[in-house]
Amino acid sequence: MTAKEKLTLKNGARILLLPEEGAHSVSASLWVTAGSAWEQPEEQGVSHFIEHMAFKGTFRRSAREISEEMDRLGGGMNAYTARECTRYYAQTLKENAGRVLDLLCDIVLHPRLDSADLDLERRVILEEMAMYEDSGEEVAHEALCASVWPGSPFGRPICGTKDTVSAMTVDDLRRYRERHYAPSRLLAVVAGGFDRREVVELLERELGSLPPAQDPEPPAPPVFQPCLVLRKRDFQQAAVELAMPGLPRGDERRFAMMLFSFIVGGGSSSRLFQKVREEKGLAYSIYSAAESFPGSGMFTVSALASPKHHLEVIREIRDVLAGFSAGISRDELDRARAQVKASYILGLETVEARASYEGRTALFHTAELSPDEVLERLDALEPDDIDALAAQVLVPEKTALAAAGRVKPSKAYRGMYGG
């Protein structure tokens, strides 16, 4: 792993170079600080719609030409939209770094946004939304976010709603791009093997030619509200999700959270997996996760179970979480630490993984720590650190609960959530 290099152009656009000596591949990506949390209520789903439309053609390339050119280069290209950002990325051989960057810049900075293409892609997005409606986990999580963060853009679905997507026009997409695809909100990341001069000249030409623009006001941090939310569906399995306030982005305790989440439900030796799946046989899928945002965060436990057992699963989850009041053992801590460290290091072994990690860190201005520093923070943690975090996070009165599937009347869930 060689030294990274950061460049900031006059108009505010940023470039992050992550050269890897001996790498035969390159990962190129363009990050945009534009996601569902930046949208107004009437434009829900516009960030995701723009991401889709980027691949429908530019003023230089048709959609077919984009696909054929990427195939000729070898590798692949894709994109995703999240709450706070959109990422367009590609991987190919190192000798094609300049060509794949030219392709990425073209689709991100110069999309054609044709009305006929928009109508066709609208159908694709509506089908995508219908697919999510067939997933119990997606339905439960989306309902949970909307209820724990009422009125906040963080609680809105990334894809938008049927009404907003159906009403969206080319002009809506263009207006949103004008506000949010400003150079100060763009970050180009190139990792692996590449010719520095070629890459920098291309990015300076493409990104540097954009006129500067004023950044919009950032969304306010979401405020967590305990709640119960039920979605009745005829799913074969019931999806349940419990949520509690987590840690805001950049919190020094995030390393303790990594270990805590693993101990709760991060692997086959975790407390939830051992109790709910191995001992009780109540659920095939059960896990925990932590999300962080500016000024806010959320810790969740999710499970899939048969409808007749899902209430028992919720009770078992609550019992497992209550058991953390007695503290964790040194053995639990050591097992979690070994797994989290291995996962972290192995995750940085590939060019794409490093590009994703470093890009996200740079985009959100998170405190930068070297891999050695991260490992040192993990090694320094003691059981008391995890116990203190657990005591703060696992508060029954602050717990939210969502369930989707063949749910019971709300009174059946009494005492299983806060509020």
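**Close-up views of a predicted model**

**View 1. Strands β2 and β6 run side by side.** Strand β2 (residues 14-19) and strand β6 (residues 186-192) run parallel and are joined by six bridges. I15 stands opposite A188 in β6. This is a predicted model: local features need pLDDT of at least 70, side-chain atom pairs count only at pLDDT 80 or more, and totals for chains, interfaces and linings use all residues. Residues are numbered from 1 along each chain as its sequence is written, and side-chain values use heavy atoms, with hydrogens and water left out. Helices (H or I, at least four residues) and strands (E, at least two) are DSSP runs, numbered from the N terminus.

**View 2. Six strands form an open sheet.** Their order is β1-β2-β6-β3-β5-β4, and the pairing is mixed. Two strands pair if DSSP finds at least two bridges between them. β1 (5-8) and β4 (76-81) stand at the edges; each has a single partner strand, so one side of each is left without a neighbour in the sheet. On average, neighbouring strands of this sheet are turned by 15° against each other, direction ignored.

**View 3. Helices α2 and α13 lie across strands of the sheet.** Helix α2 (residues 63-73) lies across β4 and β5 (86-93), at about 40° to β5. Helix α13 (residues 351-363) lies across β2, β3 (25-32), β4, β5 and β6, and runs at about 25° to β3. Contact means heavy atoms within 4.5 Å. Axes are lines fitted to C-alpha atoms, for helices over the stretch in contact, and angles run from 0 to 180 degrees between N-to-C directions.

**View 4. The largest pocket holds about 1,100 Å³ of space.** Its lining has 29 residues; R254, M258, A290, Y357 and R360 lie nearest the centre. The elements giving two or more residues to this lining are α9 (254-265), β9 (283-293), α12 (330-347) and α13. The largest share, six residues, comes from α9. A pocket is an open set of points on a 1 Å grid over the protein atoms alone, where a 1.4 Å probe fits, with protein on both sides within 12 Å along at least five of seven lines; lining residues have an atom within 4 Å of a point. Grid points are joined across faces, edges and corners, and a volume is the space filled by probe spheres set on the points.

**View 5. The second largest pocket holds about 990 Å³ of space.** Its lining has 38 residues, of which Y132, E138, E142, P157 and I158 lie nearest the centre. The largest share of this lining, nine residues, comes from α5.
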